[in-house]
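Reader: Please show me the structure. I would like to go through the ligand site.

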Amino acid sequence: MGEDVGMYHDLGLRSIVNAVGPATRLGGLPLSATVLAAMSEAVAANVRMDELEEAAGAELARLLGVPAVYVTSGASAALTLAVATCVAGTRPGAIEALPFSAAGRRVIVQHAHRDPYDHAITAVGVTLTEIGYPGSTYPDELARELDDSVAAVLWRPGREGELLSLRTVAELAGSAGVLVVVDAAMDAPPVDRLQQLVSDGADLIAISGGKAFRGPHTAGLLCGNADLVAAVALHHQDMDIRAQTWQPSEITGAQPLRGRHGLGRGMKVGREQIAGMLAAVREFVTEPTRWDAHYASELADCAAKLTQCPTLSVAHGRNDHLNVPVLEIGLPGGPPEADRIVRLLDAGEPRIHVDEGAAWRGVLTINPMGLHPGEGTVVGQRIAEIIMSADHTEGP
Ligand SMILES: *Cc1c(COP(=O)(O)O)cnc(C)c1O
């Protein structure tokens, strides 16, 4: 079971059994002892943050088999920094003037690739131009948009339809001198999927640190080539330093990057996030399957409790983005019953949150990533109790 955290209790908060997975609204996933140890070790001393980014980035790039990596405060921040870099590059005037220096600049996106996280793109000051329909986009529709106003093409994996592949997008954009930004927040790891994005021609790839890598949920990675990653730093680091005294990097020998306060200044990353991210990736790469048995047993325990309720249809499924198994619980009462159960789980003891992404079709999903040992049973038992209690009414 998750620990009964005294600090939260003292504040009058009830802790939550997290059957949603890596949800920002619940504070992310539990961190492993190794990740937590790295985070607390990192804050014991100061370092130059530009050198820490360079050194950690080089190690992350080696571990992941990609050209270069920059640690951000999440995939959303990575997208903003990526687009800021596509718009303003390394030019101090343009960097300083963002988002206004992005006026008239556009990012092209397939209609089927739109996402709530598009705010991270438009925050830079660009406008989004949609091409195609929900189920299809054709190559000429991209080719005809690629003029000087285009700062980047945004691409997202795992969308269904007759859509433009990353390879096609990269070929067309590349021949027009336009960079391709990929939002793989939820889709990497697996590491080979990330490497495929690089070989298909992605220039900058945003990844969430707190999703399947199980790093700090206020961390993320931006992968790209060394020049692009160096430019990203100019938009991000608080380098209000003096050229007379700030020495070249002891890691790369590079002259100091004197980005001052770019658009990314509000997305700063702590030593502990960088160290935690590095530890999480190391742990993942060393043993990519280390969580599989835990996930399987929590879901099996949950399913076993639900066999008490013959009216439910319980199916083992998979979240292909996160690459984890899930349990799908179909409710005979459809969406109204799903919504009622979600509310009762939240109001009950322990307080439980499940994934309600499919509640609109009467299905509640159990994602095991945030469950502590034994909590699969607790979730299954609570749902069974609610289903079997004759009285489904809510509240006093
Ligand atoms: C989760 C997610 C993000 C944001 O990731 P953070 O690390 O939480 O900032 C961006 N894009 C997509 C598609 C996501 O699923």
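Reader: How do the residues of the shell around the ligand divide by class?
Author: This is a predicted model: local features need pLDDT of at least 70, side-chain atom pairs pLDDT 80 or more, while totals for chains, interfaces and linings use all residues. Numbering runs from 1 along each chain as its sequence is written, and side-chain values use heavy atoms, without hydrogens or water. Ala, Val, Leu, Ile, Met, Phe, Trp, Tyr, Cys and Pro count as nonpolar, Asp, Glu, Lys and Arg as charged, the others, Gly among them, as polar, and the shell divides into four nonpolar, four polar and three charged.

Reader: Which residue has a polar side-chain atom 2.8 Å from a nitrogen atom of the ligand?
Author: A polar contact is a pair of N or O atoms within 3.5 Å. Lys-211 places a polar side-chain atom 2.7 Å from a ligand oxygen atom. The residue at 2.8 Å from a ligand nitrogen atom is Asp-183.

Reader: How far is an oxygen atom of the ligand from an N or O atom in the side chain of Ser-208?
Author: Ser-208 is one of the residues around the ligand. The distance from its side-chain N or O atom to the ligand oxygen atom is 2.6 Å.

Reader: What share of the ligand's exposed area does the protein bury?
Author: Areas come from the Shrake-Rupley method with a 1.4 Å probe. Taken alone, the ligand exposes 390 Å². The protein buries 90%.

How values were computed:
Near = heavy atom within 4 Å. Polar contact = N/O pair within 3.5 Å; in protein donor to acceptor, adjacent residues only side chain to side chain.
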